[in-house]
Every structure is written in structure tokens, then in C-alpha cells.
Amino acid sequence: MMHQIWPAEHARPLDDDELERLYTYPLRQRWLAVNFVASADGAVEVGGLARPLSTPPDRKVLQLGSDLADVLLIGATTAMVEGFRGVHPDRHTLARRRRHDLADTPPTAVVTTGRSLPPDAPVITRARVPTIVLTCASAPEATRRAWQDAGADVVVAGEDTVDLAAAVPALTGRGLRRIDCEGGPRLFGALTAARLVDELRLTVSPLLTAGPAGRIATGPPVRTTHLHLASAVAEDGTLLLRYLTRPDRPPRPGRVVDDANDT
């Protein structure tokens, strides 16, 4: 069973309903939560994939993030490497989303400059609802047309690379305010640079891997972002942390993201 260990005054075992309440997005504003799992020594992947790091508690929290979101946000390379094909809700997910007055299936928004997302990508062709492709004006017109022909909703934000400070408002303008970002590290780094991250949901997996694996956020250096620990939950050696960013930092025109090396 999961146990909440922070805040200390609320330390207790958590049932599924309490865990759901803990990971419910605020309703009053746009909220962008970033999900990552890392080994205890900081590795973000094993053999090129994040999946081997995941544990049952991590998968439970990742499912909650998706189930309670209006939209999933993901980098194109991550979507391709992980074989992501959009959300296909089961009966339990449908019941949860309907309890929260959410659409049955959240769309996926994929960030790409055009190089890493072929028109026949599973995230487009196998998605249950149209995938939103967040791209830039430099993406070839033929590629953008091919995405549309494959069923995607294409949004141009930025000239040479994807400007997230424009792309994220394009999602909220569609009524997609609760945003669940599932990587990769370059996208997380760019979102951080643009000050668009409200919450980091970090799972520390009880594994040591060493090796050359990268970190959860990459890209050019940015000004340090101070985090506030909102909750810590533990189960079977897995530590589930929720950090909030400062509420007094509004979005600014941010660095753009190049997804060519996004993982």
C-alpha cells in the first residue's frame, strides 16, 4: 500500500481515492505537470527506453496523470522511441474521466520541427482522437499537409523551431488547460526555460544503473527554478515526489525546442 510521508502532518496510508485526489489538477487555471521516472542514481533511461525504470507505483501515478488531463504533451522523438499511440481508455479510465467531467479520450499534442515525426507515426495513425501536432513554419509544407491528411490537427507556433510560449496557449485556447507532459528531456528543458512548468511529478525508481544515461531535463542552461515539495509518497521502495514551481513566475517568451535530439 502507498504511504504519504510528506507533508509530515498528513502522513498516512493512502487508498486509491486519496491518491486520485492528490494528483487531481487544479481547476481554476492552466496547469502543466511534467512526469518523469529516474533511477536512484539519476538515469532517465535504460537501453534507450524509460519503460525499464518504471515500477507499479510509477505506472499508477502516470495513469492518473493521463486519466485526469485534458491533453497529453510529448516530444516527437519520445513518442516514436516509446511507440506511443495516443490514449485508448479502458472502462476504469472512462469512469474516472466521466466523474471529473472530462472528454472520454484526451488528445495527444506532439512537439516537432518536422524531422522526427513521419506522417505514419503511430501517435497519429493509431490515436483514437485527432493528434495535435505543434510545429513551426520551417517544417516543410508537404510534411504539414501529410500530417493533416493522416488525421492530425496541425498548429504552427514559431518560425525556425517550435515556440512553446505560443504553442501552450494554443492548447489552452482549445479548452485544454490540464496538460500532462510525458517527456522527453529536451522538451522538459525548453518548458522550464519558458517558465511554463507548474508541477514536476518525479518518480525515483529503486534501481542503480550507472552508464551514460542522461538527465530528466536537458538543453541550454537556464536560471535556477526553485521547487516546493508538495507531497512525497512511497511504496515498495519507489518514491513518488510532487514539486511545485513558484506561483509568481508568469510565462515569458521562452527558448524554443528542437526535437531532433529529444528523448
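Because the model is predicted, local features are described only where pLDDT is at least 70 and side-chain atom pairs only at pLDDT 80 or more, while totals for chains, interfaces and linings use all residues. Residues are numbered from 1 along each chain as its sequence is written, and side-chain values use heavy atoms, with hydrogens and water left out.

**Stop 1: the largest pocket**

Begin by selecting R51, L62, E82, F84 and E182, which are the closest to the centre of the largest pocket among the 41 residues that line it. The space in this pocket comes to about 1,000 Å³. A pocket here is an open set of points on a 1 Å grid over the protein atoms alone, where a 1.4 Å probe fits and protein lies on both sides within 12 Å along at least five of seven lines; lining residues have an atom within 4 Å of a point. The volume is the space filled by probe spheres set on the points, which are joined across faces, edges and corners.

Next, colour the elements that give two or more residues to the lining, namely β3 (31-39), α2 (56-67), β4 (71-75), α3 (76-81), β10 (199-205) and β12 (238-245). Helices (H or I, at least four residues) and strands (E, at least two) are DSSP runs numbered from the N terminus. Which element gives the largest share of the lining? It is α2, with six residues. By class, the lining holds 18 nonpolar, 14 polar and nine charged residues, where Ala, Val, Leu, Ile, Met, Phe, Trp, Tyr, Cys and Pro count as nonpolar, Asp, Glu, Lys and Arg as charged, and the others, Gly among them, as polar.

**Stop 2: F36 and F188**

Since F36 belongs to strand β3 and F188 to helix α8 (residues 185-193), the pair ties together parts that are 152 residues apart in sequence. F36 counts as buried at 9% relative accessibility, and F188 counts as buried at 8%; buried means under 20% relative accessible area, exposed over 50% and partly exposed in between, with a 1.4 Å probe and protein chains only.

**Stop 3**

Within α8, T192 is buried at a relative accessible area of 19%. A polar atom of the T192 side chain lies 2.9 Å from the backbone oxygen of F188.

Then move to the loop between β9 (178-181) and α8, where G184 is found; the peptide bond from G183 to G184 is cis, with omega near 10°. Just after α8, R195 takes a positive phi of about 55° although this residue is not a glycine. R195 lies in the loop between α8 and β10 and counts as partly exposed at 23% relative accessibility.

**Stop 4**

Select R201 in strand β10 together with Y25: the charged end of R201 sits over the ring of Y25, 4.7 Å from its centre. For such an arrangement, NZ of Lys or CZ of Arg must be within 6 Å of the ring centre and within 35 degrees of the ring normal. Is R201 buried or exposed? At 2% relative accessibility, R201 counts as buried. R242, in turn, lies over the face of Y23, at 5.7 Å from the ring centre.

**Stop 5: two loop residues**

Go on to A210, in the loop between β10 and β11 (227-235). Its phi is positive, near 50°, in a residue other than glycine, and at 54% relative accessibility A210 counts as exposed.

Finish at S116, in the loop between β5 (108-111) and α5 (122-125), which counts as buried at 15% relative accessibility. A polar contact of 3.4 Å joins the side chains of S116 and T77 (a pair of N or O atoms within 3.5 Å; within protein, one must be able to donate a hydrogen and the other to accept it, and residues adjacent in sequence count only if both atoms are side-chain atoms).
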